[in-house]
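Please keep the sequence and the model in view while reading the points below.

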Amino acid sequence: MRCPHCGKDNDKVIESRQASSGTSIRRRRECNECSYRFTSYERIEERPLMVIKRSGNRETFDISKISRGLERSLEKRPVSAKTVTEMLADIEDQAHMIGKSSHEISAEEIGKLVLEKLYRIDSVAYVRFASVYRSYADVQEFIDEIKKLNH
Ligand SMILES: [Zn+2]
């Protein structure tokens, strides 16, 4: 499997386990070139999880898209790569659990999963992600959201 960090195709599997949704096998891998650790998933079922976007369009669930959004929110924040990897693995597990019977999940539900995680991990990243993800009806709504963080 190609390393997302250095691009070399030379890794070893450190750990394999079935995701809690029962629909995928999660493998923790370590790159033999640069020691970067990452997670891969193998689907057990054939039907992919589909994401229903606000526009009504559907696309295949892709954790790397969520990863990119998260990375932008976490830029220059004191959050370790390990925490981010674990957060993404949890989000993927939970998304598959929510979409277990219908094979569908709304983009909004995914956004909520991400926000729940960020809320506990980093308040600045939470606000950044929320401001991009949610289209706030007005400024007051956004201010209320930030105020909640101070409690
Ligand atoms: Zn590497």
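## Overview of the fold

The secondary structure of the protein chain consists of 5 helices and 6 strands. The model described here is predicted. Along the sequence, the elements of the protein chain follow the order β-β-β-β-β-α-α-β-α-α-α.

**The chain as a whole**

- The protein chain has 151 residues, of which 17% count as buried.
- Among contacts in the protein chain with a separation of 6 or more, 47% are accounted for by residues 24 or more positions apart.

**Helix α2**

- Helix α2 covers residues 81–98, which makes 18 residues.
- The buried residues of α2 are Met-87, Glu-92, Gln-94, Ala-95 and His-96.

**His-96 within α2**

- His-96 is found in helix α2.
- A residue is called buried if 20 or more other C-beta atoms lie within 10 Å of its own; His-96 has 22 such atoms within 10 Å and is therefore buried.
- His-96 and Ala-19 are separated by 77 residues in sequence, yet their C-alpha atoms are 9.1 Å apart in space.

**Packing of α2 against α3**

- Helices α2 and α3 pack at an angle of about 145°, and their axes are 10 Å apart.
- The crossing in which α2 passes α3 is right-handed.
- On the α2 side, the contact is formed by Thr-83, Met-87, Asp-90, Ile-91, Gln-94, Ala-95 and Ile-98. These residues meet Glu-109, Ile-110, Leu-113, Val-114, Lys-117 and Ile-121 in α3.

**The largest nonpolar core**

- The largest nonpolar core contains 15 residues, and those that touch the most other members are Ile-110, Val-114 and Phe-129.
- At least two residues of this core come from each of α1 (63–73), α3 (107–121) and α4 (123–133).
- Leaving aside residues up to four places away in sequence, Ile-110 touches Val-51, Ile-66, Ala-95 and Ile-105.
- Ile-110 and Val-114, both named above for their contacts in the core, also belong to the α3 side of the contact with α2.
- Ala-95 is one of the buried residues of α2, and Ala-95 also takes part in the contact with α3.

Technical notes:
Residues are numbered from 1 along each chain as its sequence is written. This is a predicted model: local features need pLDDT of at least 70, side-chain atom pairs count only at pLDDT 80 or more; totals for chains, interfaces and linings use all residues. Helices (H or I, at least four residues) and strands (E, at least two) are DSSP runs, numbered from the N terminus. The expected span of a helix is 1.5 Å times one less than its number of residues. A residue is buried if 20 or more other C-beta atoms lie within 10 Å of its own, exposed if 12 or fewer, and partly exposed in between; C-beta atoms are placed from the backbone. A nonpolar core is a set of buried Ala, Val, Leu, Ile, Met, Phe, Trp, Tyr and Cys residues joined through C-beta atoms within 7 Å. Two residues are in contact if their C-beta atoms, placed from the backbone, lie within 7 Å. Axes are lines fitted to C-alpha atoms, for helices over the stretch in contact, and angles run from 0 to 180 degrees between N-to-C directions. A crossing is left-handed if the near helix is turned anticlockwise from the far one by less than a right angle, and right-handed if clockwise.
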